[in-house]
Amino acid sequence: MEFHGDVEFGRNSNRRPGNPGFPASAPGDIAIYWGQNGNEGTLAETCATGNYKFVNVAFLTTFGKGQTPVLNLAGHCNPATNGCTGVGADIKSCQSRGIKVLLSIGGGVGSYGMSSPADARQVAAYLWNNYLGGASSSRPLGDAVLDGIDFDIEVGGSLYWEDLARSLKSYSRRGRRPVYLAAAPQCPFPDASRGTGLFDYVWVQFYNNPPCQYSASAGVGGLARAWAQWASIRAGRVFLGLPAAPQAAGSGFVPTSDLVSQVLPVVRNSTKYGGIMLWSRFYDGLTGYSDAVKSQV
C-alpha cells in the first residue's frame, strides 16, 4: 500500500492538525481493514468482537478521470446489482458501538487517479453524496453515513490527492458530522518539505519495507528511526501498521510477543501514538492477533 501523489506528511506546516495528538499515557486503539475476503465474516461480526475502534471498508477501486466509480468488496456482495446496500445496516451497528467506519479508496488493483483539481473536486462530491453526508439515489452501501475516507493509494501517480483531501475536508463544514481522513503510507519517510495537516489518522505500513520494519535479526532500530520521523508529522494520530499473519504480507510480520516486548515500548513514547493498524480482518481472524495484543496496545 504505497502512498503516491502530493499529499506529503511533512513537519513544516503551520496548519493545525486534523486531530490533536494524545498524551503518551493514553491507551492506543486498533484499526482494521475489512472487505477483501468473503470468508472473514460480516462487518457487523467484525465490530462485535470489540477489538477495533476503526474499520476501513475496502476498496473503492475505480474513480476519477471520467470513470464510473466501482466498489469492490470481494466475496461479500455485488454492488453492480445493488447487493451491498445491506452493508449499511452493519455500518450503523458498528457506529452504535462507537466505532468509526471509513471507506478506503484505492488498493493494489484498480483504476484510479485524477486529471485535475476540478476532477478531484468531482471525486470528492461523488464520495460525499454516495458514502458520506450527502444525498444520492444510488448509494452503494445504502443510507448509512460513513465517518470518512481512507486513502490507500498504491497505483498511479496522480498529482491531485491533496486537492481531493482538501475538498473532502470542506464538506465537514456542510454536514452534521465531521469528515475524517486517514491515509496508509509505507514506512519509508517521504520528503518533509511540506505537510497538509489534513489527516486525522495515519496508519503507517511497517511491512514489505525491510529498512524500516522490525525483524528478530535486525531488531527495532530501523523501525524506531522511521517511527520518530512519522511521529513528527502535522497530522492527528499515527498508528503502527502491521500484517495480522505471516502470510498477510511479503515481510514485516511481528510476533505478538515481540510486539509487546520490543516494539510497543518504542512507539508508545510518542504523543502522536494512536495504536496499531492490522491488515486485515481475514488474517486477524486466522491468528487472533488483535485478541492477543489489545490489552497491551
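## Aromatic pairs in a predicted model

Phe-206 is buried, with 0% relative accessible area.

A pair of aromatic rings is described by how far apart the centres are and by the angle of the planes. Searching the whole structure turns up 22 aromatic pairs. In one of them, Phe-151 and Phe-199 have ring centres 5.3 Å apart and planes at 85°, so this pair is edge-to-face. The two residues are 48 residues apart and link distant parts of the chain: Phe-151 belongs to strand β6 (residues 148–153), while Phe-199 is in the loop between β7 (180–183) and β8 (201–205). Phe-151 counts as buried at 0% relative accessibility, and Phe-199 counts as buried at 1%.

Back to Phe-206: its ring pairs with that of Trp-227, and because the planes are at 45°, with centres 6.1 Å apart, the pair is tilted. Phe-206 sits in the loop between β8 and α5 (221–230) and Trp-227 in helix α5, so the pair ties together parts 21 residues apart in sequence. Trp-227 counts as buried too, at 3% relative accessibility.

Here are the two pairs in brief.

| Pair | Centre distance | Plane angle and type |
|---|---|---|
| Phe-151 and Phe-199 | 5.3 Å | 85°, edge-to-face |
| Phe-206 and Trp-227 | 6.1 Å | 45°, tilted |

Ring pairs also join Phe-54, Tyr-180, Tyr-201, Trp-203 and Phe-239 into a cluster. Which residue lies over the face of Tyr-180? Lys-100 does, at 4.9 Å from the ring centre.

Methods:
Residues are numbered from 1 along each chain as its sequence is written. This is a predicted model: local features need pLDDT of at least 70, side-chain atom pairs count only at pLDDT 80 or more; totals for chains, interfaces and linings use all residues. Side-chain values use heavy atoms; hydrogens and water are left out. Rings of Phe, Tyr and Trp (its six-membered ring) pair if their centres lie within 6.5 Å; planes under 30 degrees apart count as stacked, over 60 as edge-to-face and the rest as tilted. Helices (H or I, at least four residues) and strands (E, at least two) are DSSP runs, numbered from the N terminus. Buried means under 20% relative accessible area, exposed over 50%, partly exposed in between (1.4 Å probe, protein chains only). A charge sits over a ring if NZ of Lys or CZ of Arg is within 6 Å of the ring centre and within 35 degrees of the ring normal.
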